[in-house]
Structures are given as structure tokens and as C-alpha cells.
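Hello,

Here is the structure I promised to pass on to you.

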Amino acid sequence: MKKAAARNISGKTKRKVSAKRSAPRRKPSSKPGKLASAVPGVVITGKMGPRYAEVLTPAALSFLAELHRKFDRQRQDLLAARVVQQKNYDAGALPDFPAETKQIRDDESWKVAPIPKDLLDRRVEITGPVDRKMVVNALNSGATDYMADFEDANSPTWANNIEGQINLKDRWAGKIDFTDPRTKKRYRIGPKPAVMIVRPRGWHLDEAHMTVDGKPVSGALFDFGLYFFHNAKAQIAQGTGPYFYLPKLEAHLEARLWNDVFVFAQNKLGLARGTIKATVLIETLPAAFEMEEILYEMRDHITGLNAGRWDFIFSFIKKFAKNPNYVLPDRSQVVMGEAFLGAYAALLVRTCHHRGAFAMGGMAAQIPIKNDPQANAAAFAKVKLDKEREVRDGYDGTWVAHPDLVPVAKEVFDRMMPKPNQLDRVRLHVRVLRDELLKIHAGSKTEEGFRLNIRVGVQYIEAWLRGRGAVPIYNLMEDAATAEISRAQIWQWLKYGAVLENGVKVTPAFFERALKEEMNAVKKEIGAGNYAKGRFPEAIKLFSDLSLGKEFADFLTIPAYKLIA
């Protein structure tokens, strides 16, 4: 019974959440796996809903099966290499620029392939999940680009993933318009929609609802494969192309795998090499030492790198989870422009522009604060300062999480970057050394910071279990990356018995008391009724298990996925 329940999407709760953001979903059928019968070795265990057959076609499933059979062994080997690397860090090793690839870094002769015309100006990119309302609003937001996210801003329920694929397919078929039956509001794409860039899941995540030869497929290949198979030719016909953001890479060999996937996929569809274009997020500490190598491996298919600041902070904590010399202060004090974040941001611009690639800035997590003009103005001022720093550093564009912040970021880039980009700012004078990429921020560890991590982490996980991947909490847009920081920091402070600014020592007993007190506070904030209707018991248990675990869990989304898959 437990296994059957785990496969079912929670219909009542799911519809309640999604009604705020997208057209209501009809009840899925209870007949899993029928479409897979025509494809040998492929089994679909997710329930089939209305229109799912439009994307889960035999041809598409065959394409996914080919991707799995050709590349999954390589993926598994690379994931195993991550485990070995982490053991080295746990033993005290520090990351460095690889000696074996020095020739690539020293070779001045290579650059990335030319960038497509519709990607030459990427000054403001809006990010968000792939529900129908979000897709239309993001395309109409005034941003130059929209990153349609199957990763950190998406809770990867079967319904979210497949309906997201349907929504993106409808966008290229000219059928994305819809009327919300509850509000009667009409949603349709305007005359100048943002350029779409799709982010699949990372290499570490599986798609549990599809197996090939008895093994789950990679979430990355599932998301990429379905979108590319159904939309690449339609995009090309409409003057754009299949563009992707690639998350969580830790090494240039992982970039090589993506490049191999791209070459194979293009050949299968009869497309020219280099048709696919990707931007790689530099959001892990090891990848910061291999930026040039990543560009080199994907030079035919890459347009640039992105400074994924939140995941980068999480990765810094994770890689040094067992090193007492790298315990960070409060999350709010780990800011861009300083210490390891400042060094990595400068190195990214220098590396990209040297090789003819874009340098994309990171996420501004602030969102509008309704009914408080003063607080709203302060939030917008923070965004403005952040974006001005990015332009001065040489970035070619930036990210925002809310449509109301598009004009704020755009004003900064329009004022300070009158040209489409800053590729001509080749900052060869910039030199970033290994120790600069490892320098921690000065600051304090406070009880309020500790308790805030609890409130944010648990509330995010609870929403994620209900199918929401981008969640406004305390006037910031939280996603999986920021929740990872919350639980990672607590784990590390617990491990080393950090003493807070007020003299309190972080112990398991203190954590358990604070967790109980903060959940009572959350219950008061959102109301006892809403609290009772949520999935707080599961979220609290998972957050507690992750925080108190003897070993540091790589990603919270892996155990959390078992609760929704």
C-alpha cells in the first residue's frame, strides 16, 4: 500500500496549490504505463492524465530510451567520481585548478562558437517553474529571456513535469493561451515574448516514473530529451533554437557528457552540430576551478556561464562540511562581492569574456512587498545595488525571480550597459588565486540566523512536498538552493558545536527545542487551519533527519523526492 501511495500525486492538495498559479488540472486516469507497451524495455509508472499522451509518445519514449542506454553508465561513473572527490575533501584536501588541464587554460587560440542573434542581448532573465500561468506571465514580463525551470524552482512531481512539458510544447505550437476558469482572466502571449531557455534537472536526480530495462532514467535526460524531441524543429522554424541552462555540474567531464548528449540528439533529429546552445551554471565549488575546461568541452554548444550564487554557497558548505576551518557565518552575511563569492564572480567574467562567452549574473531573491511601501522600496533598492555591482564587474545580464523586478534590473543594465552585452570587456588583468576562491566571509553566527534557517528550511520543504518549487517566504523567493543552505548550515554548526553571538552553544538539544518553538511560530503566522492542512509533519521530520544526521546528505531533494514519487 505504501508503494502505491508513493506513486500517486496528492490530488486534493496538489489542485489547491496549483490553482493559484496555473489552470486547474483534471484528475489523472488510474491507468499507468499503457503508452510504454509499444517501446521494449520502457515502463511508465506515473498516472496518465489528460494530454499526457501528446508528449509521452512511443517515438519520444524511444528517444529517451536511447539516451538512457547510451549515456547512463557514463553518468553513473561521474556520480561515483563525485563521491571519491568528497571523501578527499572530508579528509582535508582542498580544491585547486587541475594540473592535468593546464594546457587548455594556457592555450590562447580557442574560443566558443558564435552566439545566436537572439541570445546576444540577455540583460534581464526571469526564472520560474513551468506551470501554465507562469509560462505566459514570464514570456510577457518584459525580460529578454525566460528560464523555464524543471530544476530548483520546480517540485518534480509527475504532474508538474509532464504538464510542464505540455505547456512548453503548446508555446511552440501557438496554443499556450488560456482562460483561468476561476478568475476568468485571459492569458495570452504578447507580441515580443522573452527568449525561452529550459533548465533540466541535474545529473544526480532520477525520474522515478520512467524506467528503461528496469532502471530509472536520469531526470536530466528525461527533461532535456522530451523538450528537445518535441520542440527543437518548431523553435528553429520560428527563428530561435533549442536553448538550455545546465545545473549542478562539478567537473569538465560532466560538461563533456552533456556535449556528447547534444551531438547524439542533433544527429538523431538531423540537425547541424551546434544547433543546441547551453549556458552552464557555475554553482558548485569544484566547477569554479574548471570554468575554462567546461567552456572548452562544450565550445561548439555553449554560450556562457552563470554565477549561481545560492547553490554555490550551499556547495561551499557541503564540500567543507567536515572541515572546521570553513564554517560560515549567518547566511545573510555571506554576500556577493566579498570573500570567495567576490573572487568567483570576478573569475567568471574574466574567463567567459576571454573565450568569447557570456557572463550571466545571479538571482535577486527579493520580491515585491505588498502593503508596505517603505519595505518594498528598500527591497527594490537592494536589487538595484546588486545589479549595478554586476554591471560594473562586467556581467552581460542578470536574473530576477518576479515580473515586478524586471524593470528594476532592466533600468540598471540599460543605463550602465547601452550595448547588447559587454563581451568586449576582456578583463585579462584579473587574477584569482586558489586561496581567494576559498576565503570565507567575516561575520557572526546568531541565534536569529539559526532559527531563521529552521523556519525557511521547513516551510520550503513543506511547500515542495505539496508541489511548489518556488516559494515566497519572508519577502524572498526561496527555491531548493536556498533551502539547502539553511539545512547545510545547521548541520555544520551542530557538528562543530558553534557558539552563537549570545553565548548559546548549538547542540542537538538546542536544535530540537528551537525547531519546536519555531514551528509553533510558523503555525501562528500562517494560521492553525493552514498548518493542519499542510505536510508539516513530513517536512519537519525530513529537516530534522537532515540536520541531525551523522553524515551530510548530498541533496535534500533526493530523500524528499521519495515522498512525492
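**Contacts and overall shape**

Of the contacts in the protein with a separation of 6 or more, 78% are made by residues 24 or more positions apart; contact means heavy atoms within 4.5 Å.

Before going further, a word on where this comes from. This is a predicted model, in which local features need pLDDT of at least 70 and side-chain atom pairs count only at pLDDT 80 or more, while totals for chains, interfaces and linings use all residues. Residues are numbered from 1 along each chain as its sequence is written, and side-chain values use heavy atoms, with hydrogens and water left out.

On confidence, the average pLDDT (the predictor's confidence in each residue, from 0 to 100) is 93 for the protein, and 93% of the residues score at least 70. Residues 1-34 have a pLDDT below 50, and this stretch has 58 contacts in the model beyond near neighbours in sequence.

How does the radius of gyration agree with that of a compact globule? For 565 residues such a globule would have a value near 24 Å, and the protein has 23 Å, so the two agree. That radius is taken over C-alpha atoms, and the globule rule is 2.2 Å times the number of residues to the power 0.38. Along its principal axes, the C-alpha trace spans about 65 × 60 × 50 Å.

The protein has 20 helices and 15 strands. Both are DSSP runs numbered from the N terminus: helices are H or I with at least four residues, and strands are E with at least two.

**Surface and charge**

Of the 565 residues, 60% count as buried. Buried means under 20% relative accessible area, exposed means over 50%, and partly exposed is in between (1.4 Å probe, protein chains only). The protein exposes about 22,200 Å², with carbon and sulfur atoms supplying 55% of it; these areas come from the Shrake-Rupley method with a 1.4 Å probe, and for residues only the protein chains shown count as cover.

There are 87 positive and 65 negative side chains, and the centres of the two sets lie 7 Å apart. Lys and Arg count as positive and Asp and Glu as negative, without His and the chain ends; each charge is placed at NZ of Lys, CZ of Arg, CG of Asp or CD of Glu.

**Some residues to look at**

Pro216 belongs to strand 8 (residues 215-218). With a relative accessible area of 31%, Pro216 is partly exposed. Leaving out residues up to four places away in sequence, Pro216 touches His68, Arg75, Asp206, Glu207, Met210 and Thr211. Val42 is 174 residues from Pro216 in sequence, yet their C-alpha atoms are 9.7 Å apart in space.

Is Ser315 buried or exposed? Ser315 counts as buried, because its relative accessibility is 2%. This serine sits in helix 11 (residues 309-319), and its contacts outside four places in sequence are Glu283, Thr284, Leu285 and Pro286.

Two residues are worth a look for their backbone angles. Most residues other than glycine have a negative phi. Ala339, in helix 12 (residues 339-354), has a positive phi near 50 degrees. Tyr474 also has a positive phi, about 55 degrees, although it is not a glycine. Tyr474 lies in the loop between strand 14 (471-473) and strand 15 (476-478), and is partly exposed at 33% relative accessible area.

Val43, in strand 1 (residues 42-44), is partly exposed at 41%; Gly304 is 261 residues away along the chain, with 36 Å between the C-alpha atoms. Arg51, in the loop between strand 1 and helix 3 (58-90), is partly exposed at 28%. Arg51 and Ile473 are 422 residues apart in sequence and 33 Å apart, C-alpha to C-alpha.

Best wishes
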